Structures are given as structure tokens and as C-alpha cells.
Amino acid sequence: MLPDFDSPAPALAGSVGQAIAHGPAEPVTRRWTTLYGLVWFGFWMANLVPLQLLLPQQLETIDPASKVYDFAVVNGVSGLVALIALPLCGALCDRSRSSFGRRRLWLAAGAVAFAAGLIVTGAQTTVTGVAVAWAASMIGLSAATAGLTAVIADRVPETQRGMISSAIYGPQALGVVVGIALVSVFGLSPMSGFAIIAVLLIVCIVPFLTAHRDIAFNVEAPLNIPELIASMGSSLRNREFAWAFGGRLLVNLANSLGTCYTLYFLTDGLKVSDPAGSLLACTVLYLLAGLLATAAAGVLSDRLGRRRIFVALAALLQAASGFLLASTPSLNVMMVASALMGGGFGAYMAVDQALITQVLPDAESRAKDLGIMNIGSVVPPAIAPLIAGVVISSHRGYPLLFALVGAAAAVGALLVYRIRSVR
């Protein structure tokens with residue numbers, strides 16, 4: 001029988017001094033891990049299905065002649081909003097007091113705001129309306145991830161963080177596949193698709209919110225915007241933190257550049273007869289490879305006590321995917337590249353999240369520093385369509401885009417090896 005789920009034992013509700021100095025010691029249970037992974041399943045579905053399917057479909061209906069440009073603008077605006085909201089929400093989360101729990105409060109409120117934003121986005125009939133509604137959704141996503149990622153540093157011992165990172169990124173492709181399958185099989189309109197994934201998001205977070213209890217921390221420092229900006233600069237001046245941030249930013253950018261225009265690439269580049277069906281097939285391959293790589297990399301990393309080698313090799317696998325597709329674009333190669341990209345990205349994020357929790361410069365500002373790190377995860381999917389749109393419009397088109405995927409992932413792998421404090 002599994003132990004009780006996160007009961008407020010003295011070991012968990014002790015003083016902030018001990019928690020900060022030594023980190024959590026009590027291991028999390030399989031039940032905690034499963035429910036935490038379920039939350040991420042909901043968030044990946046709610047964030048990535050719109051980016052890969054619903055927003056492109058919606059914008060194609062609104063303005064088919066300018067769909068690439070419109071998609072780039074919509075995501076560029078949301079990326080700018082997330083760039084500001086992520087560290088700000090993290091800092092506010094660190095300074096919150098609530099009987100509901102500061103991490104749980106931000107997770108719950110952010111998820112509700114995100115779900116509402118999804119429904120509003122689906123109801124829009126103009127490009128401007130889509131841009132504003134989707135950007136507002138990013139505020140809710142930023143608030144929710146502030147609490148959700150800080151839970152790892154608060155609650156999970158270092159020896160389990162590879163496994164917990166697998167619970168975060170293992171559901172990523174699964175969430176996309178389930179979401180795309182729901183939309184495709186039932187022939188849902190973008191409006192209905194947005195509504196369905198908004199409901200599923202809330203369903204996925206309720207079990208975790210019901211069962212989890214935050215660790216008690218004393219909160220004294222009020223939020224000071226100039227000090228927040230200065231502290232962000234201080235975090236990025238920490239070399240280990242900066243290398244980790246740079247690597248995450250580039251690898252996520254590579255993955256986003258490689259996936260953001262998949263539907264349009266299949267439609268306009270390869271001219272396949274069933275773009276939506278081919279997209280689903282590519283995503284399934286991405287999913288299967290990602291699930292296997294995520295589970296294996298996280299567990300092996302914990303057992304061997306090594307992070308950098310797994311992160312670097314996984315990034316290079318994504319680089320190979322981009323270079324392969326740039327040199328030989330075809331549907332069969334796209335299938336192989338999808339598997340390589342999914343496996344590489346799954347393994348990368350599984351171990352990278354564990355690595356990042358070991359280079360946080362200030363234990364008292366975990367959510368703020370993780371908010372900065374989350375920029376490297378959330379902003380690339382938002383700005384990638386803007387970059388990709390410019391590249392696709394050039395005479396080199398998709399081959400240049402996929403070459404950039406390979407280059408960005410390769411440089412990200414190099415940055416990881418500049419980190420010296422983690423094996």
C-alpha cells in the first residue's frame with residue numbers, strides 16, 4: 001500500500017530555514033507523481049494543441065491569404081506577454097500568503113484564468129481578437145506554471161527530480177496527440193476544440209489540488225518591482241544559471257521551430273493529400289519516442305547521478321532531426337524526424353528540469369528564478385512562428401527552417417557543458 005498523500009507532517013511543515021538550507025528530504029509517493037503528471041498532461045494539451053492545430057485552423061478560416069503572417073503575429077504578442085508575466089508571477093508566488101497554500105493558489109487561479117482565455121480565444125472572429133485573447137491566456141498559464149514548477153524545488157528531493165521531470169515532460173506529446181485526435185476524430189470546429197481542452201484542463205488539475213498540501217514558509221519581503229528587475233539580472237549573472245537558461249532557450253526554440261508549422265509544411269511544402277491525418281501520424285511517432293526516452297532518461301539520470309551527458313545527447317538528437325529534414329524533405333523522412341525530435345526533446349526536458357533545480361542561485365526565490373527559466377520553455381513556442389514565418393517567406397523556405405532547428409539544438413547542447421556545478 002502506498003503511504004498517505006502529502007499529509008501535513010512536521011517534516012514538511014517545518015521552518016523555512018531547514019527547507020532552504022538542505023532541501024526536501026522526504027520522498028514523494030507514486031500517487032503524488034501520477035497526479036502531478038496528470039496536471040502537466042492537461043497543461044500541455046491546453047497550450048500545444050492550439051499552437052499546432054487550433055490556432056492555425058482558426059486563422060486560416062479568418063484570413064487564408066495571410067495565415068502564416070497572422071500566426072506569427074499572434075504568437076509574437078503572446079510571447080512578449082509571457083516574457084513579462086513569467087518572472088513577475090513567480091516573484092508574486094514567492095511572496096504570497098494564503099491558507100490555501102501559495103503554490104496551490106497560483107496553480108488554481110492561473111488554471112481557471114487560462115481555461116477562460118482558451119474559451120474566449122475560440123470565440124474570436126478577427127485576427128486582433130485572437131491575438132488579444134491568446135495573449136491574455138498566457139497570463140493565466142504563467143501564473144499556473146509559477147506555482148506548479150516551484151513545487152518541485154519545495155517538495156521533491158534531488159534524488160527523485162529526474163523521475164519527476166519525466167512526469168512533467170512524459171505527458172507532453174500524449175497531451176498533444178489526445179487533443180489533436182479529439183478534434184480530428186469528432187470533426188470539432190476551433191471554437192469547440194478550445195472549449196473541450198479548457199474543460200479537460202480543469203478536470204486534470206482538480207485531483208492534485210485536492211490532495212496536495214504546500215510546505216509552510218514564512219513570507220516577509222514585499223514585492224518591489226525595481227528590486228525584482230535587479231534580482232532577475234543577478235540570477236542571469238550567475239554563470240551556471242545563465243548557461244542552463246541559454247541551453248533551455250535554444251533547445252526549446254529548436255523544437256518549436258521544428259513543430260510550429262508542421263501542418264502548413266505538410267499542406268504547402270509536401271502537398272500531402274491528408275494534412276490533418278499526416279499531422280496526427282507524425283505526432284503519434286513523436287509521442288511514442290518521447291514517452292520511451294523521457295522515462296528512460298529520467299530514471300537513468302537519477303540512478304547514475306549524472307545530468308549533463310543526458311541533456312547534451314538529447315539536444316544533439318534533436319539537431320540530427322532538423323539536419324535530416326533540411327537535407328531530404330519528404331513524408332517518410334518527416335516521420336523519422338518526428339520520432340528523433342520527440343525522443344530527443346523528451347529526454348532533454350526530463351533531465352534538464354532536474355538539472356535546473358540544482359543551479360537555482362537563491363533558494364528563497366525559487367518561483368521567481370524558475371519563472372525566468374520558464375521563459376526558456378514558454379516563450380520559444382510563442383516566438384518560433386514569428387521567426388519561422390520570416391524564414392519560410394524567404395527563397396530558401398522550409399529547408400532553411402529545419403537547418404536552423406539543427407543549429408539551435410546543437411548550440412544548446414554545447415551550452416550545457418559550460419555548467420560545472422552539476423555532473
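1. Of the chain's 423 residues, 57% count as buried, where buried means under 20% relative accessible area, exposed over 50% and partly exposed in between (1.4 Å probe, protein chains only). The model is a predicted one, in which local features need pLDDT of at least 70 and side-chain atom pairs count only at pLDDT 80 or more, while totals for chains, interfaces and linings use all residues. Residues are numbered from 1 along each chain as its sequence is written, and side-chain values use heavy atoms, with hydrogens and water left out.

2. The secondary structure comprises 15 helices and zero strands; helices (H or I, at least four residues) and strands (E, at least two) are DSSP runs numbered from the N terminus. Among contacts between residues at least 6 apart in sequence, 86% join residues at least 24 apart, contact being defined as heavy atoms within 4.5 Å.

3. Helix 12 and helix 15 (residues 397-416) have axes that come within 7 Å and cross at roughly 165°. Helix 12 is therefore roughly antiparallel to helix 15. Axes are lines fitted to C-alpha atoms, for helices over the stretch in contact, with angles running from 0 to 180 degrees between N-to-C directions. Angles under 35 degrees count as roughly parallel, over 145 as roughly antiparallel, 65 to 115 as roughly perpendicular and the rest as oblique. The crossing of these two helices is left-handed, that is, the near helix is turned anticlockwise from the far one by less than a right angle, clockwise being right-handed.

4. On the helix 12 side, the residues that meet helix 15 include Ala315, Ala319, Gly322 and Phe323; their partners in helix 15 include Phe402, Val405, Gly406 and Ala409. The contact of helix 12 with helix 15 divides into 17 nonpolar, three polar and one charged residues. In this classification Ala, Val, Leu, Ile, Met, Phe, Trp, Tyr, Cys and Pro are nonpolar, Asp, Glu, Lys and Arg are charged, and the others, Gly among them, are polar.

5. Ser321 is found in helix 12 (residues 308-327) and is buried, with a relative accessible area of 3%. Not counting residues up to four places away in sequence, Ser321 touches Ala337, Leu340 and Met341.

6. Gly258, in helix 9 (residues 239-259), is buried at a relative accessible area of 11%. Its C-alpha atom is separated by 7.0 Å from that of Gly322, 64 residues apart along the chain. With neighbours within four places in sequence left aside, Gly258 is in contact with Met341, Phe402 and Val405.

7. Helix 10 (residues 262-269) packs against helix 11 (residues 275-304) at an angle of about 130°, with the axes 9 Å apart. Helix 10 is therefore oblique to helix 11, and the crossing is right-handed. Thr262, Leu263, Leu266 and Thr267 of helix 10 meet Pro275, Ala276, Ser278 and Leu279 of helix 11. By class, this contact has five nonpolar, three polar and no charged residues.

8. Asp154 is placed in helix 5 (residues 127-155) and is buried, with a relative accessible area of 6%. Its side chain makes a polar contact with the side chain of Arg103 (2.6 Å). A polar contact is a pair of N or O atoms within 3.5 Å; within protein, one must be able to donate a hydrogen and the other to accept it, and residues adjacent in sequence count only if both atoms are side-chain atoms.

9. Leu105 lies in helix 4 (residues 102-122) and is partly exposed, at a relative accessible area of 34%. The C-alpha atoms of Leu105 and Cys93, twelve residues apart along the chain, are separated by 8.6 Å.
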